[in-house]
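Me: Got a structure to go through. Can you take my questions one by one?

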Amino acid sequence: MPTTSASTSLNTQDIWKDHPEKVCAFTAEFAEKNPKTVKAVLKALHEASVWLDNLDNRPEQAEIVSRPTYINCPKDLILGRMLGDYDFGDGRKKKDPNYMIFSSRNCNYPQAKYAIWFLSQYRRWGLVDEAPDYAGIAKQVMRGDIYEEAMKEIGYAHGGASMAPETLFDGVPFDPTKPEDYAKSFMIKTVKG
């Protein structure tokens, strides 16, 4: 039975504004063998993202994803969050100016710095034994070149790559050009090697 109320402890935008969230991924082998398919998917995702960013379309989106085959909860709960209207369930309510986006603010560009941040966390928590090739791995995973080709073919001018520092809720700036320093900078860590 779907719930009729929801509680939220904290909005993820309060943890990391415009954080990486959703992923469209292909194996390197698939992308190499099927470049037209990969670009077609990226173009379709772009079109859907632009549609989703139109707030007038959010009620239809909420109705679709509220169905039992997807989220299976009342569409009004979804719609409120999609519009940035948060009811935390404990008396706190908030209108979030940084509500969920799907295309705006260059959010679909595959930013290498996000892969570098995740790698820094693997390093910080001892999941890798030595400093990884941060830039090299990020370049293999976050294929800005493919995204740029696909967007050029449909005439979309994206915002491009960014290596600007990010600051999360803890106030510690992450400089993607110095990920090893970042991984080792925390008092709580299990860095190996």
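The chat below goes through rings, cysteines, helices and loops.

Me: What kind of model is this, and how are residues numbered?
Reply: This is a predicted model, where local features need pLDDT of at least 70, side-chain atom pairs count only at pLDDT 80 or more, and totals for chains, interfaces and linings use all residues. Residues are numbered from 1 along each chain as its sequence is written, and side-chain values use heavy atoms, with hydrogens and water left out.

Me: Rings first. How many aromatic pairs are there?
Reply: The count is 8 aromatic pairs. The rule takes rings of Phe, Tyr and Trp (its six-membered ring) with centres within 6.5 Å; planes under 30 degrees apart are stacked, over 60 edge-to-face, and the rest tilted.

Me: Which type is the pair Tyr182 and Phe186, and why?
Reply: Edge-to-face, because the ring centres are 4.9 Å apart and the planes stand at 85 degrees.

Me: Are those two buried or exposed?
Reply: Tyr182 is buried, at 4% relative accessibility. Phe186 is buried too, at 9%. Buried means under 20% relative accessible area, exposed over 50%, and partly exposed in between (1.4 Å probe, protein chains only).

Me: Which residues do ring pairs link into a cluster?
Reply: Trp16, Tyr114, Trp117 and Phe118.

Me: What about charges over rings? Where does the charged end of Arg124 sit?
Reply: Over the ring of Phe186, 3.8 Å from its centre. Arg92 lies over the face of Phe88, at 4.2 Å from the ring centre. The test wants NZ of Lys or CZ of Arg within 6 Å of the ring centre and within 35 degrees of the ring normal.

Me: Back to Phe186. How far is Val172 from Phe186, in sequence and in space?
Reply: They are 14 residues apart in sequence and 9.2 Å apart in space, C-alpha to C-alpha. Val172 touches Glu166, Thr167, Tyr182 and Phe186, leaving out residues up to four places away in sequence. Contact means heavy atoms within 4.5 Å.

Me: Where does Val172 lie?
Reply: In the loop between β3 (166-167) and β4 (173-174). Helices (H or I, at least four residues) and strands (E, at least two) are DSSP runs, numbered from the N terminus. Val172 counts as partly exposed, at 27% relative accessibility.

Me: Switching to cysteines. How many disulfides turn up?
Reply: The whole-structure search gives 0 disulfides. Cys24 is in none; the nearest cysteine sulfur, in Cys107, is 13 Å away. The cut-off for a disulfide is a pair of cysteine sulfur atoms within 2.5 Å.

Me: Helices now. Which residues of α8 are buried?
Reply: In α8 (residues 144-153), they are Gly144, Ile146, Tyr147, Ala150 and Met151. They share the same side of α8, because they cover an arc of only 160 degrees around the axis. The arc is that of the directions from the helix axis to the C-beta atoms.

Me: What covers them, and what follows α8?
Reply: The cover includes α3. Gly155 follows α8, with a positive phi near 75 degrees.

Me: And α5, which residues are buried there?
Reply: Leu77, Ile78, Leu79, Gly80 and Met82, in residues 75-82. Their cover includes α4 and β1 (85-87). Just after α5, Gly84 takes a positive phi of about 85 degrees.

Me: What is phi like at Asp18?
Reply: Positive, about 55 degrees, although Asp18 is not a glycine. Most residues other than glycine have a negative phi. Asp18 is in the loop between α1 (12-15) and α2 (28-33).

Me: Which side chain does the backbone nitrogen of Asp18 meet?
Reply: That of Gln13, with a polar atom 2.6 Å away. A polar contact is a pair of N or O atoms within 3.5 Å; within protein, one must be able to donate a hydrogen and the other to accept it, and residues adjacent in sequence count only if both atoms are side-chain atoms. Gln13 lies in α1 and is buried, at 14% relative accessibility.

Me: Last one. Where is Asn57, and what does its side chain meet?
Reply: Asn57 is in the loop between α3 (35-53) and α4 (58-65). A polar atom of its side chain lies 2.9 Å from the backbone oxygen of Trp51. Asn57 is buried, with a relative accessible area of 15%.
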